[in-house]
Amino acid sequence: MTQLAPAFERLSFFCAILFVMSHIFGCIWIFVGRSLEDNTEEEGFSWIVSNGFDDLNAKNLYLTGLYYTFTTISTVGYGDISGGCLPERLVCIFYLFVGVLTYSFISGSITSIIINYEEMGSKNL
């Protein structure tokens with residue numbers, strides 16, 4: 001069991017970083033959307049305006065931004081919220097890139113844990 005502890009510790013640490021990163025990315029997503037709220041139709045409306053979220057209070061807007069961040073980083077991406085103008089699309093591309101790296105790291109870590117667990121089981125036989 002002692003060989004599995006570092007792998008679980010690494011995975012737990014990464015999950016904690018993922019939550020902090022999602023909070024920061026959610027706040028950045030809201031900041032970008034708020035700073036582009038006055039865009040004209042030619043420039044493209046922000047995600048807040050184009051989805052009708054401009055009347056939401058701060059808590060609900062934060063939860064919406066966090067929801068977008070989690071669905072994007074986890075590579076689920078429901079598509080109900082997306083960037084409406086160029087700066088938001090650039091942020092989306094960055095988030096998708098981070099999501100692919102995150103998904104790859106988590107998959108590799110879980111695979112490593114399973115392989116170590118199986119090796120430990122075969123040694124005990």
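## Close-ups of cysteines, aromatic rings and a serine

**View 1. Cys 27 is partly exposed, with a relative accessible area of 32%.** Here, buried means under 20% relative accessible area, exposed means over 50%, and partly exposed is in between (1.4 Å probe, protein chains only). What you're looking at is a predicted model, where local features need pLDDT of at least 70, side-chain atom pairs count only at pLDDT 80 or more, and totals for chains, interfaces and linings use all residues. Residues are numbered from 1 along each chain as its sequence is written, and side-chain values use heavy atoms, with hydrogens and water left out.

**View 2. How many disulfides are there?** A disulfide is a pair of cysteine sulfur atoms within 2.5 Å, and by that rule the count is zero. Take Cys 27: the closest cysteine sulfur belongs to Cys 92 and sits 16 Å away, so that's too far for a bond. Cys 92 is in no disulfide either, as the nearest cysteine sulfur, that of Cys 85, is 9.4 Å away. Cys 92 counts as buried, at 12% relative accessibility.

**View 3. Trp 29 and Trp 47 form a stacked aromatic pair.** A pair of aromatic rings is described by the distance of the centres and the angle of the planes. Rings of Phe, Tyr and Trp (its six-membered ring) pair if their centres lie within 6.5 Å; planes under 30 degrees apart are stacked, over 60 edge-to-face, and the rest tilted. The count comes to eleven aromatic pairs. In this one, the centres are 5.4 Å apart, with 15 degrees between the planes. Trp 29 lies in helix 1 (residues 4-35) and Trp 47 in helix 2 (residues 47-50), so the pair ties together parts 18 residues apart in sequence. Helices (H or I, at least four residues) are DSSP runs, numbered from the N terminus.

**View 4. Trp 47 also pairs with Phe 53, this time edge-to-face.** Their ring centres are 5.9 Å apart and the planes make an angle of 65 degrees. Trp 47 is buried, at 0% relative accessibility, and Phe 53 counts as buried too, at 18%. Both rings belong to one aromatic cluster, along with Phe 25, Trp 29, Tyr 68, Phe 94 and Tyr 95.

**View 5. Is Ser 109 buried or exposed?** At 2% relative accessibility, Ser 109 counts as buried. You'll find Ser 109 in helix 4 (residues 86-123). Leaving out residues up to four places away in sequence, Ser 109 touches Arg 10 and Leu 11, where contact means heavy atoms within 4.5 Å.

Note on methods:
Helices (H or I, at least four residues) and strands (E, at least two) are DSSP runs, numbered from the N terminus.
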